[in-house]
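Hi,

Here is the structure I promised to pass on.

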Amino acid sequence: MEGEKESVRMRVFRAGSCQQLFYRYQDLAPQLVPLDYTSCPDVKVPYELIGSMPELKDNPFRQRIAQVFSEDGDGHMTLDNFLDMFSVMSEMAPRDLKAYYAFKIYDFNNDDYICAWDLEQTVTKLTRGELSAEEVSLICEKVLDEADGDHDGRLSLEDFQNMILRAPDFLRFTDSVKFPPFFHL
């Protein structure tokens, strides 16, 4: 997946877009990120600043997004993490790459499966807590009934990708991320 991310980054960003993103990254924490980034490539911008960006601040998955794209899972991002996040969230990114990262974001317990608990967290965030516990549980049961291909009580990446083909709204976490105009090539 690492090589694919590099390839996506090259396809998604026009000339100058990476530089614009660097300046966005640097503007989040000018005291941490020097203009000559090559002298401090291990700098990480804290999650609190990443999560407050206009593109993420209203997204119910902002913390999970930052955790998934940060190399340590803590939400603090290097420039490479930041570029990866923006490239995957771009409308130009391939659907299978978006599905892969959606799976990782919805896998709250990081066990490489989406279990009933992960689904409860996902549905609660998607509905912003407006459903009762019974309604959430019913939705999770229905999703597992419909999408669990091997009937082991959890969704593998393959189960998830098959579900996405049938119900593309499950990739909604990318829809609520508002990107600057230079992403709309």
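**What turned up**

Lys44 is partly exposed, with 24% relative accessible area (partly exposed lies between buried, under 20%, and exposed, over 50%, using a 1.4 Å probe and protein chains only). Before you go further: this is a predicted model, where local features need pLDDT of at least 70 and side-chain atom pairs count only at pLDDT 80 or more, while totals for chains, interfaces and linings use all residues. Residues are numbered from 1 along each chain as its sequence is written, and side-chain values use heavy atoms, leaving out hydrogens and water.

Back to Lys44: its side chain meets that of Asp72 in a salt bridge, 2.4 Å from N to O (the term means a side-chain nitrogen of Lys or Arg within 4 Å of a carboxyl oxygen of Asp or Glu). The two sit in distant parts of the chain, 28 residues apart, with Asp72 in the loop between H4 and helix H5 (79-89) and Lys44 in the loop between H2 and H3. Helices here are DSSP runs (H or I, at least four residues), numbered from the N terminus. Asp72 is exposed, at 52% relative accessible area.

How many salt bridges does the whole structure have? A search finds three. Another one joins Glu55 to Arg24, with the closest N and O atoms 2.6 Å apart. That pair also links distant parts of the chain: Glu55 is in the loop between helix H3 (47-50) and helix H4 (62-69), Arg24 is in helix H2 (residues 17-28), and 31 residues separate them. Glu55 counts as buried because its relative accessibility is 6%, whereas Arg24 is partly exposed at 23%.

Then there is Arg154 with Asp152, a salt bridge at 3.2 Å, N to O. Arg154 is partly exposed at 31%, and so is Asp152, at 35%.

On to the helices. Helix H6 (residues 95-106) packs against helix H9 (residues 157-166) at about 120°, their axes 10 Å apart (axes are lines fitted to C-alpha atoms over the stretch in contact, and angles run from 0 to 180 degrees between N-to-C directions). That makes H6 and H9 oblique to each other (what is left once under 35 degrees is called roughly parallel, over 145 roughly antiparallel and 65 to 115 roughly perpendicular).

Cheers
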